[in-house]
Amino acid sequence: MKTVLLRNKRVLSVAFIIYVIGIIMGTFFSNILPVERQEPNVGRTIFDYFIHNLLADVFISFTIFTFGIFTAALLLVNRFLVGVSIMHSLQHGNDLIYIVTALVPHGIFEIPAMIIAGSIGFKLIDAVIAKMRGESNSVFLKDIFTFFFLMIILTFIAAVVEAKITPYLMAQLS
């Protein structure tokens with residue numbers, strides 16, 4: 001696994017940087033979207049969270065055929081909305097402990113899964129660049145399948161935490 005991650009550090013780094021930029025942009029430009037109070041996702045199942053997040057990750061992964069253009073756009077927009085949500089939550093009087101408790105437990109798994117999805121989206125352009133440099137692409141498909149497998153596992157763990165642990169922790173804050 002370590003060799004797969006090292007071999008793909010370019011695409012992982014690009015996905016991570018775009019991911020972070022999206023959150024930062026969302027926090028700075030949160031005033032462009034209306035503030036609406038949302039109720040917690042009470043009653044959602046592990047399956048609900050898993051399918052919702054897996055579809056988002058798979059959609060981002062399938063942007064591989066756009067040579068990273070839509071990959072970057074989707075990562076930015078998705079994380080922009082997270083940044084906006086954080087700021088809106090603060091505006092509604094929630095403190096940082098509340099926000100961290102709501103996001104971090106499942107985010108520990110969900111964030112790497114989405115970064116991996118973005119990395120898959122950047123793999124084709126990375127392979128083209130590597131080919132132009134004369135580098136080997138012999139493990140291209142193996143890396144994509146490994147990333148998909150890891151993405152699915154992380155997304156499932158995130159769904160379990162989001163459905164079972166996060167609600168418990170949020171209830172403890174009340």
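Which side chains meet in a salt bridge at 3.7 Å, N to O? Lys-123 and Asp-143 do. Notes on this and the rest follow.

1. **Basis.** This is a predicted model: local features need pLDDT of at least 70, side-chain atom pairs count only at pLDDT 80 or more, and totals for chains, interfaces and linings use all residues. Residues are numbered from 1 along each chain as its sequence is written, and side-chain values use heavy atoms, with hydrogens and water left out.

2. **Overall fold.** The protein chain has 6 helices and 0 strands. Helices here are DSSP runs of H or I, at least four residues long, and strands are runs of E, at least two, numbered from the N terminus. The radius of gyration is 17 Å, close to the 16 Å of the globule rule for 174 residues, so the chain is as compact as a globular protein of that length. That radius is taken over C-alpha atoms, and the rule is 2.2 Å times the number of residues to the power 0.38. The C-alpha atoms fill a box of roughly 60 × 35 × 20 Å along the principal axes.

3. Of the 174 residues, 40% count as buried. Buried means under 20% relative accessible area, exposed over 50%, and partly exposed in between (1.4 Å probe, protein chains only).

4. **Salt bridges at Asp-143.** The whole structure holds 5 salt bridges, each a side-chain nitrogen of Lys or Arg within 4 Å of a carboxyl oxygen of Asp or Glu. Lys-123 lies in helix H5 and Asp-143 in helix H6, so their pair ties together parts 20 residues apart in sequence. Asp-143 also meets Arg-7, at 2.6 Å, N to O. Here the link runs from helix H1 (residues 2-7) to helix H6, across 136 residues. Asp-143 is buried at 2% relative accessibility, and Lys-123 is buried at 6%. Arg-7 is partly exposed at 37%.

5. Asp-126 forms a salt bridge with Arg-10, the closest N and O atoms being 2.8 Å apart. Asp-126 lies in helix H5 (residues 96-132) and Arg-10 in helix H2 (residues 9-28), so this pair ties together parts 116 residues apart in sequence. Asp-126 is buried at 10%, whereas Arg-10 is partly exposed at 36%. Shared partners join Arg-10, Asp-126, Arg-133 and Glu-135 into one network of salt bridges.

6. **Aromatic pairs.** There are 2 in the structure. Rings of Phe, Tyr and Trp (its six-membered ring) pair if their centres lie within 6.5 Å; planes under 30 degrees apart count as stacked, over 60 as edge-to-face, and the rest as tilted. Phe-50 and Phe-156 have ring centres 5.7 Å apart and planes at 80 degrees, so they are edge-to-face. Phe-50 sits in helix H3 (residues 46-61) and Phe-156 in helix H6, so the pair ties together parts 106 residues apart in sequence. Phe-50 is buried at 15%. Phe-156 is partly exposed at 42%.

7. **Thr-155.** This residue lies in helix H6 (residues 140-173). Thr-155 is buried, with a relative accessible area of 1%. Leaving aside neighbours within four places in sequence, Thr-155 is in contact with Phe-50, Asn-53, Leu-54, Asp-57 and Ala-113.

Note on methods
Contact means heavy atoms within 4.5 Å.
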